[in-house]
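Hi everyone, thanks for coming.

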Amino acid sequence: MPANRLGLAALMALAALTAATMIAYAAGVRMGLLLLIGIGYGIGLCSVAFGFTTGWRAWIVERDPKGIYAQFVMIVVASALCLPLLQARPDELSPAGGPIAVCMVLGAFVFGIGIQIADGCGSGTLYKAGQGHPFSLVIFPLFVAGSLMGSLHLDWWLSLGSLGPVSLPQKFGAGVTWLGQTAVLGVLAALMWKLRGTVSKRWVGPGIWWAAIGLALLATLNLIVAGQPWGIVYGFGLWGAKLLTWGGADLSANGFWGREAQQLQLVSSVLTDTTTVTSIGLLAGSMGTALWQRKLCPAVKITRTQWIAGIIAGFVLGYTSRLAFGCNIGAYFSGISTGSLHGWVWLLAGFAGSLLGVRLRRRLGFSM
Amino acid sequence: MSASLTRYRTLYLFWGVLALFFAIDTIKAWPLDWSLDPAPVALGSGQAATGGHCSAAPK
């Protein structure tokens, strides 16, 4: 490796450790560790362009299964580690237990449409914003605003009907849940293999498999350190709610922000929120990776119509991910890998939405 | 002004706004009570996870 590249790597590692130490000093060792985990997420996602949105689109458009296979590998590895831990330590570790609700299904479906227009889900928008992609940089604040608005309306949406959270490990045990879930993903993978079209040109080489395994290990560490799985959307809503309260709004009567835990979070430092800290780490990790790959701030051509569509999609993504009790990370990945049935429902509804979203994307003239 | 400089400016602006948000939050937030500082690692701490997206689900 040339000396200047070695120097850059050393400088970035030093910056990461310094930032983690500062966060640990300001908000506790746990938050410092979570920042490092978040940086790892950013490196894993950005280094191989690990995309949930692109993985689905590659299958829908080209019948290229590699991106979705990588998601399945990530889920199988993470659930193999997380499910026994959750079973052994239920008092310390919490699963991503969202309810099966009307608004959850609707939210995931519309989120599935939105990610194809915005070309990024929760993690995708974050890592592309870190990369300096102008589209994601502009969409990001709209995602925050939408997430806030969704949280403000959540109680009304929940009144439309909910079956409550369904934990598969509680019903069947961790081992049976892991075997059952892996079998379902295996059958899906086999079906996709039968229907596959082109050899993947998007993800060449084994990098994506290593990234999937690495991200699964980091997600397990996230659970061990934070006591809860990897999530993104909650932090965005919190940032928006804080801005609202700084402007003088009183959210104590709101169904979501009026709860004791949320009221406490609103007056506490945002650095005490685990989702915020991992998301900041993700942004920084992907920026460092893009700098390393010499891909920081890519040049993109976006028409006025595409900008308008992207801005609307950004807001919709934030709003619907709150109704869906998470995005592709908090609901789909963390939901399934911790045995919550809502993760599976989210996957079905979100993918159905993406089938429509890909058509809209083509009509808007975005690259496929 | 070159297009590449404009692209970088968007990124700088993004991080600038984010840093400003964190700075204001640090000023406005309650001072951290070190006695409430959670154990470095949740596993083995004997403490239940609080806050974050787990607190977003209806109880």
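Predicted model: local features only at pLDDT ≥ 70, side-chain atom pairs only at ≥ 80, totals over all residues.

Okay, let's begin with helix α6 of chain A, which covers residues 122-131. How many of its residues are buried? The count is 10 of the 10, so the helix is largely enclosed by the rest of the structure. If you want to find it on screen, look for G122(A), S123(A), G124(A) and T125(A), which are among the buried residues. Y127(A) and K128(A) are also in that buried set, and I'll come back to K128(A) in a minute. Just after α6(A) you reach G132(A), where phi is positive, at about 85 degrees.

Now move along to α9 of chain A, residues 174-195. The buried residues here are A174(A), T177(A), Q181(A), L185(A), A189(A) and M192(A). So where do they sit around the helix? Looking down the axis of α9(A), you find them within an arc of 95 degrees, so they line one face. As a reminder, an α-helix has 3.6 residues a turn, so residues three or four places apart point the same way.

What does that buried side of α9(A) pack against? The partners are α3, α4, α8, α15 and α16, again in chain A.

Side chains of opposite charge can pair when their charged atoms come close. Over all chains, the count is six. Let me show you a few.

In one of them, R202(A) pairs with E62(A), with the closest N and O atoms 2.8 Å apart. This pair links distant parts of the chain: R202(A) is in the loop between α9 and α10, E62(A) is in helix α3, and they are 140 residues apart. R202(A) has 30% relative accessibility, so we call it partly exposed. E62(A), at 27%, counts as partly exposed too.

Another pair is E92(A) with R89(A), and there the closest N and O atoms are 3.4 Å apart. Are these two buried or exposed? E92(A) is buried, at 6% relative accessibility, whereas R89(A) is partly exposed at 38%.

Then there's K242(A) with D25(B), the closest N and O atoms being 2.7 Å apart. K242(A) lies in helix α11 of chain A and D25(B) in helix α1 of chain B, so this pair joins two chains. Both K242(A) and D25(B) are buried. And here's K128(A) again: salt bridges that share partners tie R57(A), D119(A), K128(A) and R361(A) into one network.

That brings us to the interface. In chain B, 38 residues are in contact with 65 residues of chain A. The area buried between the two chains is about 4100 Å², with carbon and sulfur atoms giving 70% of that. How many salt bridges are there between chain B and chain A? The count is one. Polar contacts across this interface come to 10 residue pairs.

Last stop, the loops. S340(A) sits between α15 and α16 of chain A. With a relative accessible area of 3%, S340(A) is buried. Leaving out residues up to four places away in sequence, S340(A) touches A96(A), G97(A), G98(A), V166(A) and G335(A).

Now for some backbone angles. Most residues other than glycine have a negative phi. Against that background, have a look at R63(A), which isn't a glycine and has a positive phi, near 55 degrees. R63(A) is in the loop between α3 and α4 of chain A, and it is partly exposed, with a relative accessible area of 35%. R294(A) also has a positive phi, near 60 degrees. You'll find R294(A) in the loop between α13 and α14 of chain A, and at 64% relative accessibility it counts as exposed.

That's my tour. Over to you for questions.

Technical notes: Residues numbered from 1 in each chain as written. Chains lettered and ligands numbered in written order. Heavy atoms only, no water. Buried < 20%, exposed > 50% of the residue type's maximum accessible area, 1.4 Å probe, protein only. Helix = DSSP H or I, 4+ residues; strand = E, 2+ residues; numbered from the N terminus. Expected span 1.5 Å × (residues − 1). Arc of directions from axis to C-beta. Contact = heavy atoms within 4.5 Å. Salt bridge = Lys/Arg side-chain N within 4 Å of Asp/Glu carboxyl O. Buried area = accessible area lost by both parts, 1.4 Å probe. Polar contact = N/O pair within 3.5 Å; in protein donor to acceptor, adjacent residues only side chain to side chain.
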